[in-house]
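Student: Could you walk me through this one? I'd like to go from the overall fold down to a few single residues.

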Amino acid sequence: MKSEVWQRDGGRCRECGDTHYLEFDHVIPLSRGGATSVGNLQNLCRRRNLEKGARL
């Protein structure tokens, strides 16, 4: 699943396009009922992922 997300996102942060310190992020957080699926995962750089937190 992670390789599918990585390929779909082109190995870049979906928000800023950075290629460093990438993390897999749930678009809809698990704490809010989000699923662990290709459609609900995205690559975000560490900065964008920390900014997002558990927000939608």
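**From fold to residues**

Tutor: Start with size: for 56 residues a compact globule would have a radius of gyration near 10 Å, and the chain agrees because it has 10 Å. That radius is taken over C-alpha atoms, and the globule rule is 2.2 Å times the number of residues to the power 0.38. Keep in mind that this is a predicted model, where local features need pLDDT of at least 70, side-chain atom pairs count only at pLDDT 80 or more, and totals for chains, interfaces and linings use all residues. Residues are numbered from 1 along each chain as its sequence is written, and side-chain values use heavy atoms, with hydrogens and water left out.

Student: What pattern does the chain follow along the sequence?

Tutor: Helices (H or I, at least four residues) and strands (E, at least two) are DSSP runs, numbered from the N terminus. The chain has two helices and two strands. Read in sequence order, the pattern is α-β-β-α.

Student: Is Asn40 buried or exposed?

Tutor: Asn40 sits in the loop between S1 and strand S2 (41-45). Buried means under 20% relative accessible area, exposed over 50%, and partly exposed in between (1.4 Å probe, protein chains only). Asn40 has 8% relative accessibility, so it counts as buried.

Student: Which backbone nitrogen does the side chain of Asn40 reach?

Tutor: Leaving out residues up to four places away in sequence, Asn40 touches several residues, including Asp25, His26 and Ile28; contact means heavy atoms within 4.5 Å. At 2.8 Å, the side chain of Asn40 reaches the backbone nitrogen of Ile28.

Student: With which side chain does Asn49 make a polar contact?

Tutor: Asn49 is in helix H2 (residues 46-52), and at 15% relative accessibility it counts as buried. A polar contact is a pair of N or O atoms within 3.5 Å; within protein, one must be able to donate a hydrogen and the other to accept it, and residues adjacent in sequence count only if both atoms are side-chain atoms. For the Asn49 side chain, the partner at 2.6 Å is the side chain of Glu23.

Student: And what is the phi of Tyr21?

Tutor: Tyr21 is in the loop between helix H1 (2-8) and strand S1 (22-26), and counts as exposed at 60% relative accessibility. Most residues other than glycine have a negative phi. Tyr21 is not a glycine, yet its phi is positive, at about 55°.
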